[in-house]
Number of protein chains: 2
Amino acid sequence: MKFCSQCASPVAIRVPDGDTKERHICDACGQIHYQNPKIIAGCIPHWQGQILLCRRAIEPRHGLWTIPAGFMENGETIEQAAMRETYEEACTRVEISGLYAIFNIPHVSQVYMIFRAELLDGKFAPGIESLETALFSEKEIPWSDIAFPVVIQALQRFFADRPDDHFPPFVDTIVPVKR
Amino acid sequence: MKFCSQCASPVAIRVPDGDTKERHICDACGQIHYQNPKIIAGCIPHWQGQILLCRRAIEPRHGLWTIPAGFMENGETIEQAAMRETYEEACTRVEISGLYAIFNIPHVSQVYMIFRAELLDGKFAPGIESLETALFSEKEIPWSDIAFPVVIQALQRFFADRPDDHFPPFVDTIVPVKR
């Protein structure tokens, strides 16, 4: 952010009075422009013992597999966001079974909220952001070609919880991999 | 938003190519300015059978009681945000017991994420955003002077779950009250 979105004046970066963090401040109109974490909503789409994955047609991680997920929009519930993203990326309608995995990714200021969901009719197809969509049993999951660490962790936990058919929601934090 | 925060040109509002929703778009530099829901993180602070509430010194709902909660910041985890808000509003350190209540408030594009938490030493005091802070037993909760519907719902559920000492996390949606 370089300019005030209210009055077009250049913004300064400093700690406002009574605050503790640096913000983008407009000294012309007084507006303080806060920036906050974004929610990525998605689901683990289940159908007859298998999981529906999408192979990404977009960056980042073009060509790798993921669960349907994307940025929650204003005016939505998290469940609606997860169902919309699933429809956009895999052309399939799901019923939400419950909230399952919440991941903090503080280094990119994102929070993933992943539901368990059931396909309504088993029909699916790649949306414009997907190269292909396919059902995978636990043994068939392409672990080395999964796009994001949150997806690996959510799926591993899902398969660990599945024998007891008990899926308690959990919160975890992803830290950057040191190279 | 009236002006582009990257180049200060006036922004247009329309649906970008390949999108389905209206966005603020800068035709000068091409930037699309997305707006997304915000997370409000907080906790139900527990100490020896009582709940710590704060009486608000700020608008909205000045003078009414609430649990400590506020906007999650970039770079934080939700747990860190809940603990920070609790320290800012009630000058007390808590240990997070678990995620408990998630509320969609789609008409204001907010998601509340409320944890259960335990005071570390039972000491507390009003922060600058609070007029007073006090511990309440279930019978003492000032139900008619609670600031927000999410707080009433979270506390009612907490007291309903408490006899079994089992607090399964839940997701609910707040709809505007028709007057």
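Predicted model: local features only at pLDDT ≥ 70, side-chain atom pairs only at ≥ 80, totals over all residues.

## Symmetry

Which rotation, and what shift along its axis, superposes chain A on chain B? The rotation is 180°, with 0.0 Å of shift along the axis and an RMSD of 0.0 Å. That is the relation of a two-fold axis.

Residues are numbered from 1 along each chain as its sequence is written, while chains are lettered from A and ligands numbered from 1 in the order in which they are written.

## Interface

In chain A, 30 residues are in contact with 30 residues of chain B. Contact means that the C-beta atoms, placed from the backbone, lie within 7 Å. Three elements of chain A give two or more residues to the side that touches chain B: β4 (38-47), β8 (94-105) and β11 (170-173). The largest share, three residues, comes from β8(A).

By class, this side of chain A holds 15 nonpolar, 10 polar and five charged residues. Ala, Val, Leu, Ile, Met, Phe, Trp, Tyr, Cys and Pro count as nonpolar; Asp, Glu, Lys and Arg count as charged; the others, Gly among them, are polar. Of the interface residues of chain A, 100% are also interface residues in chain B, so the copies meet through the same surface.

## Domains

Chain A is assigned domain 1 (1-35) and domain 2 (38-173). The bounds come from an automatic or database domain assignment. The C-alpha centres of the two domains of chain A lie 36 Å apart.

## Strand pairing in chain B

Strands are DSSP runs (E, at least two residues), numbered from the N terminus. Two strands pair if DSSP finds at least two bridges between them. An open antiparallel sheet has the order β1-β2-β3 in chain B. β1 (12-14) and β3 (32-33) of chain B are at the edges with a single partner strand each, so one side of each has no neighbour in the sheet. Two bridges join β2(B) (residues 23-25) to β3(B). There, B:His24 has B:His33 as its bridge partner.

β8(B) (residues 94-105) pairs with β9(B) (residues 110-119) in the antiparallel sense over 10 bridges. B:Phe103 stands opposite B:Tyr112. Four residues lie between the two strands of this hairpin, and B:Ser109 in the turn has a positive phi of about 55°. β8(B) also pairs with β11(B) (residues 170-173), in the parallel sense over four bridges. B:Thr173 in β11(B) is the bridge partner of B:Asn104.

Key:
Least-squares fit on C-alpha atoms with pLDDT ≥ 70 in both. Contact = placed C-beta atoms within 7 Å.
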